[in-house]
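Let's go through this one by question and answer. Have a look first, then read on.

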Amino acid sequence: MAAPPRLGPLVLLRRLLDARRGDPRAREDLYHLRGVLNFVLLFAATIGLPGLLLAYYGVAGIRAQRDAGAAQVAHDAEVAADAMSAQVATEFKSFEEQALSRLNTGKSMHSRPSEMSPALRVVYRVDMKNNALAGPFLRGESEVAPDAPWRQSAAWRAAAASEAAGAFGKAASAFGTLAHRAPEPEAQGDALFAHGRCLLRAGDVRSAELTFGEVERNWRAVRTEEGFRLGDLARFKLAEIALARDPSEGSVLLRRLLDSLLAEEWTLGEGGEAAVSRGVLDNLATTPTNPDEIARLRETVDDRQSQLYWAGRLEGEFDSLGAKGRLLKQSPGTFSYRMTESALWAMTWTETDQYIFAFDADILLHHLRGLGAGTLGANADVAVTILAADEDPPRDIRVRRPLARAPQWSIVAYPRDPEALSHRQADDVRRGLGIVLLSVGMIVVGAFLTLRLVRRELDAARAKSDFAANVSHELRSPITQIRLKAEALQLGLADSPEAQARHYDVIVREAERLSRMVDNMLDFAAIERGQKRYNLKPGDLSVTVQNVVETARVAMETRAMTIEESYPEDLPPVWHDPDAVAQVVVNLLSNAAKYGQEAGWIGVVVRVRGDEVLVEVTDRGIGIDPSETQAIFEQYYRSNDPAARRKKGTGIGLTIVKYIMEAHGGSVTVRSTHGVGTTFVLHFPIKRPPGLDRQGA
Ligand code: ADP
């Protein structure tokens, strides 16, 4: 195998010029170079460029994917915040529409405010003309219950004690006296009602009825210490009496009492109206009144009571609101909002009145948050909520939007689990990079393997073409020698018997060389086709080797070479094919002679080592470079060493040696020092080699 041409730019230029001048070697190099260039182009087009593109676009793709991931979160946050804003806006719109629709249809603003919004607690109406507050309740000093000092008098206590002791007749006349004597009208009413009550307990129903009737007519608005209006109490008693007499008559009175209670405004801070309404409802339930009707009335009473409760609770905040906002005039039908500590207030105007709606802040916030929760899937990356001013914000807020109607609150969207999100993104990047790296790695490995394969194929092709040239060369030289010597003999040019003998020697030697070469070539061809068979049988290996050496000795001696031999005393029989082994030894000897001719010495040793018989052929010739000790056994391989290249050869001798040794279940190894000498060692197993398939035994 020839060394590949080293092509720097200058050398290339010179080669180009040489080739133009017709130098066949330069032409060959350029031809070779063209092959290499073609290969490089093919390599770049099919492997290099795709690999680079894959790496470039792979990494770009990963980057884009990561950016897209971040953009997706930002986008999701925007979408979630938008959805939440829309929901909240719809919620307020729906409240405003319902409120306006009530105004337009004349439906009471005060009944069931929670129908307009679940967080709406109470609705106030402000009469703009009189600048007075109106609602389902009254506000002011006029109706405050008296602290009833007359109940502390000795006469009142005595009457109360009689009633407590069960002396109802006595108590009734005592309260009657008090009612006539008392100077204040409140005390008169209070005592007269107690008089009626005791009469009723004493069993004088008729007189009690008359007394309650009088109380109802004249002292209706007087409030007792407990916050009841005497009129309500008296009517309630009258209804109870009627109920005992005739349930349907009683139920009519009870309904009338309840209707008038509900038609009035209840007084803030007093529980009397609510308590009487409940008492009436309880009594109504015992009459044949429709239960649905009772349930509806009960809801109305609850509603009224709840508003009263909330109006009481929010009184302070309502006042602070009034100081700032009540007189802010705006066009009718529009709403303005203001927030206080625990309530959100909505205000709207008609031509004559202002309406003020109080939402409970906590409940409203909770309700609005619930709306947002529905807009996102359970495993969305982004969460959205409404944040009050005094709350801790969640981490990593992506979008924050103040609520139009309650600027202290804002809609915030944020990653539900920022850590998991960033982990997942990092994982995605890692996975993508891994795939790109793996693919590029696979391309590189593939390229490397392809390169090696191509190189090997090129080497083999080259070696084969070298082989053909070498063979013709090898054949020509013995044939030429034989022809020259034979012609000399024929023409009688060798006159002395010594000269004739020398001519015959040459003819015999060259004929042997020729036949050896032909043998090798035929064997090699048979081996290549897989048709070579060996006939192994146990025999004395020393004898086989000795025969070969004897035959070779004559030729060696004419080349002034000596062969030194050594054989063991008693050698165990070795399974071998004597002809094949002879061919092996001949090949080794002729190599030793060829590459070690100058030293003039060859050593042949047969010895036993362990369970092997070794045949060693040693020379003191040019030696083999360590980098080539494997390759020399490959077919057609010839050393790159110039000293070796000067000798003729075909590169198949050692291939045949290796093949035959493997067929014997053995092997061939080489020890060599470059410039010092070489030993080839044949290893034969002593035991019959098992499973031999190539020897045909
Ligand atoms: P060739 O016909 O070239 O001798 P072989 O297969 O017999 O082919 O040998 C292969 C190569 O091994 C040779 O070209 C030579 O370089 C090297 N070689 C073989 N025997 C020896 C030796 N005894 N000393 C040095 N080199 C050797």
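Buried means under 20% relative accessible area, exposed over 50%, and partly exposed in between, with a 1.4 Å probe and protein chains only. This is a predicted model, where local features need pLDDT of at least 70, side-chain atom pairs count only at pLDDT 80 or more, and totals for chains, interfaces and linings use all residues. Residues are numbered from 1 along each chain as its sequence is written, and side-chain values use heavy atoms, with hydrogens and water left out.

Q: What share of the residues of the protein count as buried?
A: The count covers the 697 residues of the protein. The buried share comes to 41%.

Q: What radius of gyration does the protein have?
A: The radius is taken over C-alpha atoms, and the globule rule is 2.2 Å times the number of residues to the power 0.38. For a compact globule of 697 residues that would be near 26 Å. The C-alpha atoms here fill a box of roughly 190 × 65 × 40 Å along the principal axes. The protein's own radius of gyration is 62 Å.

Q: Is Ser672 buried or partly exposed?
A: Ser672 sits in strand S16, residues 667-673 (strands are DSSP runs of E, at least two residues, numbered from the N terminus). Because its relative accessibility is 23%, Ser672 counts as partly exposed.

Q: Which backbone atom does the side chain of Ser672 reach at 2.8 Å?
A: Ser672 touches Gly623, Ile624, Gly677 and Thr678, leaving aside residues up to four places away in sequence (contact means heavy atoms within 4.5 Å). Its side chain reaches the backbone oxygen of Gly677 at 3.2 Å. At 2.8 Å, the side chain of Ser672 reaches the backbone nitrogen of Ile624.

Terms used. Helices (H or I, at least four residues) and strands (E, at least two) are DSSP runs, numbered from the N terminus. A polar contact is a pair of N or O atoms within 3.5 Å; within protein, one must be able to donate a hydrogen and the other to accept it, and residues adjacent in sequence count only if both atoms are side-chain atoms.
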